[in-house]
Amino acid sequence: MKSKSKGKIFAVPFRRKRQGRTYYRSRMTMLLSNRSRFIVRKSLKNLQVSIAEYNAKGDKILFTVDSRALAKLGWKGYGRNLPSAYLIGFLAGKKANESGVKEVILDLGFNNSVKGSRLYAALAGASDAGLKIPFNPDVLPPKDRIFGGHIAKYAHSLANDRIKYEKQFSNYIKKGLKPENIVEHFNEVKGKINGKEEN
């Protein structure tokens, strides 16, 4: 006599989905595009961009760029704000072109798609570097914020409150960067990535 099964039968998701590492439905759409992926991932202190090609035995990561790569170029700002995200994307775009990758598709993984966020600042940087990525321009942050204009403006507003100024921008000050000058510093680092001084 066959025993009756008890309870409901559940389909267990793939391991990488359970771990929050792979969104399979989105991944299938990307693979069908037959393009390399522009992968953007963020953490509290860092932002990371990778270019990956599909391989039947496992994706091949061509290279990865993160906040540490900017520090090597002399970046003194935070590694998790809009200007740094743009520069990381810009550097990744340049490296992609050097590697022969001209066209990619955006992969945000499980990150929420938030208009004007760091994720899209990285996208803006890669696009400006000449990498072809299909996207809606409406999702990009305003250029003034990408360049750090909002940071400089806030720093100027605290000019008469040294205690609050030094507390808010302690990391900038430790690295020898006046936050009021972040736009100039941004252009300097972008110029290094571009191989020439930006005007």
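Let us start with a hairpin: strands β1 and β2 form one, with four residues between them. Strands here are DSSP runs of E with at least two residues, helices are runs of H or I with at least four, and both are numbered from the N terminus. β1 covers residues 36–42, and β2 covers residues 47–53.

Before going further, a word on what you are looking at. This is a predicted model, in which local features need pLDDT of at least 70 and side-chain atom pairs count only at pLDDT 80 or more, while totals for chains, interfaces and linings use all residues. Residues are numbered from 1 along each chain as its sequence is written, and side-chain values use heavy atoms, with hydrogens and water left out. The score called pLDDT is the predictor's confidence in each residue, from 0 to 100. For the protein chain its mean is 85, and 80% of the residues reach 70 or more. Over residues 16–24, however, pLDDT stays under 50. For that stretch the model has 15 contacts beyond four places in sequence, where a contact means heavy atoms within 4.5 Å.

Now for the overall plan. The protein chain has ten helices and four strands. Read from the N terminus, its elements follow the order α-α-β-β-β-α-α-β-α-α-α-α-α-α. How much of the chain is buried? Of its 199 residues, 39% count as buried; that means under 20% relative accessible area, whereas exposed means over 50% and partly exposed lies in between, using a 1.4 Å probe and protein chains only. Among contacts with a separation of 6 or more, 62% join residues 24 or more positions apart.

Back to the strands. Strands of a sheet pair through backbone hydrogen bonds, either parallel or antiparallel. In this model two strands count as paired if DSSP finds at least two bridges between them. The four strands form an open sheet in the order β3-β2-β1-β4, with mixed pairing. Its edge strands are β3 (60–66) and β4, each of which pairs on one side only. On average, neighbouring strands of the sheet are turned by 20 degrees against each other, direction ignored.

You can walk across this sheet pair by pair. β2 and β3 run antiparallel and are joined by six bridges; in β3, V65 is the bridge partner of V49. β1 and β2 are also antiparallel, joined by six bridges, and here R37 stands opposite A52 in β2. β1 and β4 (residues 104–107), by contrast, pair in the parallel sense over four bridges, with D107 in β4 as the bridge partner of I39. Five of the seven residues of β1 are buried, so this strand is largely enclosed by the rest of the structure.

Which helix lies across β1, β2 and β4? It is α5 (residues 118–128), running at about 140 degrees to β1. Such angles run from 0 to 180 degrees between N-to-C directions, with axes being lines fitted to C-alpha atoms, for helices over the stretch in contact.

Next, look inside. A nonpolar core is a set of buried Ala, Val, Leu, Ile, Met, Phe, Trp, Tyr and Cys residues joined through side-chain atoms within 4.5 Å. The largest one has 46 residues, of which F38, V40 and L131 touch the most other members. At least two residues of this core come from each of β1, β2, β3, α4, β4, α5, α7 and α10. The largest share, nine residues, is supplied by α4. Beyond four places in sequence, the residues that V40 touches include L47, V49, L106, L119 and A122.

H156 is found in α7 and is exposed, with a relative accessible area of 52%. H185 lies in α10 and counts as buried, at 7% relative accessibility. Beyond four places in sequence, H185 touches G74, W75, K76, G77 and L177.
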